[in-house]
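Hi everyone, thanks for coming.

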Amino acid sequence: MKRSETQELVAGESLIEPRLIKAHIAAAVFWLIYLIVGGGLLVAIKFTWPNFLGNIPELTWGRLRFVHTQTVAYGWFVDIFLAAIYYMVPRLTRVKLASPTLAWFNFYFYNTMVAMGVFQLMEGHNLGVVWMEYPSFINILMLISYAALAYNFFASYLRSQERNLYVSSWYMMSFVIWATLNWIMGGLVPAYIAPGIASAVVGGLFIHDLVGLVVTPLATAMIYYFLPVMLRRPIYSHSLSLMGFWSLAFFYPLVGIHHYYYSPIPMWAQYIAQGTSFMLFFTVYTVLYNVYKTMKGRWGDLADNIALRWLIGGTVFYLMVCTQGPLQALLVEQPLIHFTDWVIGHSHMALLGFGTFVAMGFIHYAWPRLTGNELNKSLSEWSFWLAFVGCAWMFIDLWIAGLLEGYYWGYGKPWMDSIVRLQPYWLSRTLSGVMVLTGFILVAINLIVTARAKQPATDSPAVLAGAR
Amino acid sequence: MDAHKLGIERAVFIMLVAGIGFFLLAFIGLGLTPWFNINHELKGHKKTQHVPLLTPLQLKGRQIYIANGCYYCHSQFVRPVADDPLRFGAVSKAWEYKHQYPNLLSTRRKGPDLTRESLDHPADWEYVHLYDPRMIAPWSIMPAYHWMFDGSPGKPNKQGRALVAYLGTLGQARKREMLAKGTLKKVFVQGIGTVLHYPYKGGRLMSPGYDHVVYFHKAPRIADTRSARERGKHLYAMDCASCHGATGNGRGVAAQYLTPRPVRLNAFRFRAGFVYKVLYYGRPGSAMPSWVRAADAFLTPRDLWSVAYYVQTLHRGATAPPTAHAPIAKTAALVKLGGAQFATNCATCHGPKGEGNGVLATALTPAPVDLALMNPSARWVYHTLNHGRTGTAMPSFSTLPRKVRWAISYFVETLAKKPKNIQSAAAAPRKTVRIARLTAAQSSAHN
């Protein structure tokens, strides 16, 4: 991509729908805080005090846990991804949204569905497919949302006069298709068509496609879009971004069975999943080499560009999570770490560390431009460091707990010994979660304060930070 | 070619190849192919006949299992690796999951695996555990499901009954298949009952065997030391006290909801080997699980001996239990009368020497106890003769004259087997040894 094109990405304020994007960001941040307070935090507290709020069926561990995970994936992530799509696509295609009305309808409709999903899960209506727990009628209704998104999305590209497709567009196009196909596959096949172990085969594919083909592509699209924009510098290598994309598209859909290693799934399928999981090294290192080469000589920008710091923080977690991932997907590791808190640490680093931090980069970049006001500097600093340190604390805590758990089981200790031994780690995890939560609450306050501030600041240093 | 067209073509290419193509490739390659592979293997597979179709109540139970997220913390597959087969039983096979929509394999084990749950715990245990897991396991972090009951573990409502009915199906298919194939045998163990015997299948890690069976049979007995009893005390508090009571009086918090009621341990002078045997096998027909198999316990031979030695120290002698009837003094003639009456009333089940091997013994669940190794106090026998044991075949003998009941009670005391390691066979030295051991144990317990 040429330097002139990079600068064009920054322009195009007239093409987007600022209110729509702001609404999606606000909804996303609402879900983010809700899923921690009403899901993760309560669930974590129950590890230490299992009777806490125990007499209300709606607030038991087994129901809130799914409120937590489903809202992560479909409340927070999909909402923020829609915001990012509405922000990026009109600029990349140079056309306005085909139907803002449809997009607005989709905003209300989709978030109503997520809220309904939370309610249904708490009432105990659960499909029972891992990461696809919403009852089927919600899954079917949500297809309307996917269709509405697809219409607006593809209409933009069909009407576009742009000759070049920037790499973010590639990721986003595939995202729209993958998310829809995966939604249909996960909602339909394991619960209704494939029996028993075959259901686990497809369920495994679904779980990993959700991470690899829904969260990762959009987060990567955001990195490829916002990194050059923030740095005012083109991406290091277009060829590397191509390799990253095609290897992701090829290998990611093939890894899902590693969620059920040593299950009765045919062993050859597990060996293939092991091989393809290992190949993710290639995908991730290609993308990150590209990212860090782009950053070369500009690391100093992290000091005062808060959006860039969130984004790069996310890529650091991406580097770690995807170094861990292919290694822990080896069959030799599985007897020790499978089923333990290690995996919980790993998945938190993927979604909370990588996905959420990158999305926060987008929010911190876009919000001042959408509202015309600067973000509060000290709130930004506090929120970043609270979230960053809290995350690191949580991940390390869970890895240690997971290894301990694995060794306790492996050495044939009574089950309850592992539970008693892990209690301090679970308490520590709750505290780290409180720290992360505080960070995100400060983000929310920062966004509200910024949106409500009176003075227009179109020429303020923050808005033009990247232009230096 | 104009610029616009080129962009569109590239977009279509990406969407067709990366978006749809690679996704479908993966779905066909690693979704449909293993799926058909499994279907092909199961076609005409005779084993699948052992997989039951769930009844409406059990299906409702499965729904409740899903609705409350049980499947998140409790996995349902036993892996051929690590401690899995030792802890949870035979390695899972694909055919066991026939008829399951969706699978409940799970990706996490916060609690034990439930693949073979019904082989470990009966319904009354499940009810108490569901009502409040901490009534059974004080350190458990599982939620309490009070709303599946009408106020107490003894009164499950429809939800509780359905869920426990579903739990009762877990592991049954494999059990039936293994019994039919002969890889699993029902063996009558004297004084314990009919247990499922898992033959040793070679030491390979991947084998679906219960390797620990051999391991346990070969395990040497540890010495009855103070440290062993301390370890036993700790384990007793952790695993046993909730049912048998902290002092062994049979009145733990869970006791009143279990049928038959947990044994009042302090009324017996157990032989340590017998306690080991019960801990090892459990007591089929009661809530007493096998502590080497029960997924939450998984004790080692060393632990079992430690618990056995500690249980021996719980004995409270003639003080337990209090009975409304004043004892009749023990005389030689009374014991002789007891012997005759025992042969008439008790021997058909308990065997002529009270070893739990009467002619009816194999037909009863739970099986008659081995009085020779349990060595109950006369008061306890008298108490049991009066009241019977609810939930077992032991009836009340209160119709017998009071003298006869006391006579049988005193006779049962004489059935006690001597420990093997004391060859002299004199009653007095044996008693001395036991008393000495008791005193040491009691003093250590008080310290």
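**A walk through chains A and B**

Let's start with a helix in chain B: the buried residues of α6(B) pack against α5 (117-120) and α7 (158-167) of chain B. When I say packing or touching, I mean contact, that is, heavy atoms within 4.5 Å. Helices here are DSSP runs (H or I, at least four residues; strands are E, at least two), numbered from the N terminus. And buried means under 20% relative accessible area, with exposed over 50% and partly exposed in between, using a 1.4 Å probe and protein chains only.

Before going on, a word on what you are looking at: this is a predicted model, in which local features need pLDDT of at least 70 and side-chain atom pairs count only at pLDDT 80 or more, while totals for chains, interfaces and linings use all residues. Residues are numbered from 1 along each chain as its sequence is written, chains are lettered from A and ligands numbered from 1 in the order in which they are written, and side-chain values use heavy atoms, with hydrogens and water left out.

Back to α6(B), then. How many of its 9 residues are buried? The count is 8, so this helix, residues 123-131, is mostly covered. Among those buried residues are D124(B), W125(B), Y127(B) and H129(B).

Now to the nonpolar cores. A nonpolar core is a set of buried Ala, Val, Leu, Ile, Met, Phe, Trp, Tyr and Cys residues joined through side-chain atoms within 4.5 Å. The largest one has 234 residues, and those touching the most other members are I25(A), W76(A), F362(A) and F440(A). Which helix gives this core its largest share? That is α7 of chain A, residues 196-231, with 24 residues. Chain B takes part too: domain 1 (56-171) and domain 2 (225-315) of chain B both give residues to this core, so it lies between them. Those domain bounds come from an automatic or database domain assignment.

Let's zoom in on I25(A). Leaving out residues up to four places away in sequence, I25(A) touches residues including I80(A), F362(A), W367(A) and L447(A). Apart from this core there is another, of 35 residues, with A267(B), F274(B), W305(B) and V307(B) among them.

Another residue I'd like you to find is L32(A), in helix α2 of chain A, residues 18-48. L32(A) counts as buried, at 3% relative accessibility. Again leaving out residues up to four places away in sequence, L32(A) touches W76(A), T356(A), M360(A) and F440(A).

Next, where the two chains meet. On chain B, 76 residues are in contact with 94 residues of chain A. The area buried between the two chains is about 7400 Å², and carbon and sulfur atoms give 71% of it. Buried area is the accessible area (1.4 Å probe) that two parts lose on being put together, summed over both. F23(B), L30(B) and I141(B) supply 10% of what chain B buries against chain A, more than any other three residues.

Side chains of opposite charge can pair when their charged atoms come close. A salt bridge here is a side-chain nitrogen of Lys or Arg within 4 Å of a carboxyl oxygen of Asp or Glu. How many salt bridges does the rule find across the interface of chain B and chain A? It finds 3. D341(A), for example, forms a salt bridge with R108(B), with the closest N and O atoms 2.6 Å apart. On the side of chain B that touches chain A, the elements giving two or more residues are α1 (3-42), α2 (56-67), α3 (70-73) and α4 (84-88) of chain B. Of these, α1(B) gives the most, with 27 residues.

Over all chains, the count comes to 20 salt bridges. One of them joins R109(B) to D84(B), the closest N and O atoms being 2.9 Å apart. R109(B) lies in the loop between α4 and α5 of chain B and D84(B) in helix α4, so the pair ties together parts that are 25 residues apart in sequence. R109(B) is buried, at 1% relative accessible area, and D84(B) counts as buried at 0%. R109(B) also meets the side chain of D113(B) in a salt bridge (3.3 Å, N to O), and D113(B) is buried too.

That's my tour; happy to take questions.
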